[in-house]
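These notes are meant for a colleague who is opening this structure for the first time. Please keep the sequence and the model side by side while reading the numbered points.

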Amino acid sequence: MKFVMSDEGKCYTPEGHDKEVFSRIIYKDVIDIHITTFPGGTGMEEEVHEKINHVFYMLKGKMEVMQHKKVLRELCEGDAVYIPAGEAHEIRNCSEVDAVFLAANFEENRRPDYEKSS
């Protein structure tokens, strides 16, 4: 059993991000699960991960999901997005309050069949 408390984690500026974010790693092995906080106005450059899928689940605040500089959807608390490997994506917190989300990242060959559950 592993506990991850709300005051644990680290602040850092990931490559391609324009500000420091706060991240708490919950589990990292076959799947990487962490909670990340983007302060108001924080975003990242568009990126593509050829072999990594992402699932982002909003816990607090709002976040824009973009592709090729176009906003596809604004996510709010309780919303989620699945970004398959090889798909360009950019995320941005355009509000003044923190955006907190659970992120799960996993290899392409471990992709769930999400279309059957839609």
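1. Strand S2 gives the largest share of the lining of the largest pocket, namely five residues, where strands are DSSP runs of E with at least two residues, numbered from the N terminus. A pocket here is an open set of points on a 1 Å grid over the protein atoms alone, where a 1.4 Å probe fits and protein lies on both sides within 12 Å along at least five of seven lines, and lining residues have an atom within 4 Å of a point. The model is a predicted one, in which local features need pLDDT of at least 70 and side-chain atom pairs count only at pLDDT 80 or more, whereas totals for chains, interfaces and linings use all residues. Residues are numbered from 1 along each chain as its sequence is written, and side-chain values use heavy atoms, with hydrogens and water left out.

2. The volume of the largest pocket is about 580 Å³, a volume being the space filled by probe spheres set on grid points that are joined across faces, edges and corners. Of its 30 lining residues, Tyr12, Asp32, His34, Thr36 and Asn105 are the closest to the centre. At least two lining residues come from each of S1, S2, S3, S4 and S9. By type, the lining holds 13 nonpolar, nine polar and eight charged residues, with Ala, Val, Leu, Ile, Met, Phe, Trp, Tyr, Cys and Pro counted as nonpolar, Asp, Glu, Lys and Arg as charged, and the others, Gly among them, as polar.

3. Eight antiparallel bridges pair S3 with S9, where Ile31 is partnered by Phe106. Strand S4 (residues 52-60) also pairs with S9 in the antiparallel sense over eight bridges, and Val55 stands opposite Ala104. Strand S9 (residues 99-107) is mostly covered, with seven of its nine residues buried, that is, under 20% relative accessible area, while exposed means over 50% and partly exposed lies in between (1.4 Å probe, protein chains only).

4. A three-stranded open sheet has the order S6-S5-S8, again with antiparallel pairing. Three bridges join strand S5 (residues 63-67) to S8, and Glu64 stands opposite Arg92 in S8.

5. Two salt bridges are found in the whole structure, each being a side-chain nitrogen of Lys or Arg within 4 Å of a carboxyl oxygen of Asp or Glu. One of them joins Lys69 and Glu90 (3.8 Å, N to O), linking the loop between S5 and S6 to strand S8 across 21 residues of the chain. Lys69 is exposed at 64% relative accessibility, whereas Glu90 is buried at 3%.

Terms used: Two strands pair if DSSP finds at least two bridges between them. Helices (H or I, at least four residues) and strands (E, at least two) are DSSP runs, numbered from the N terminus.
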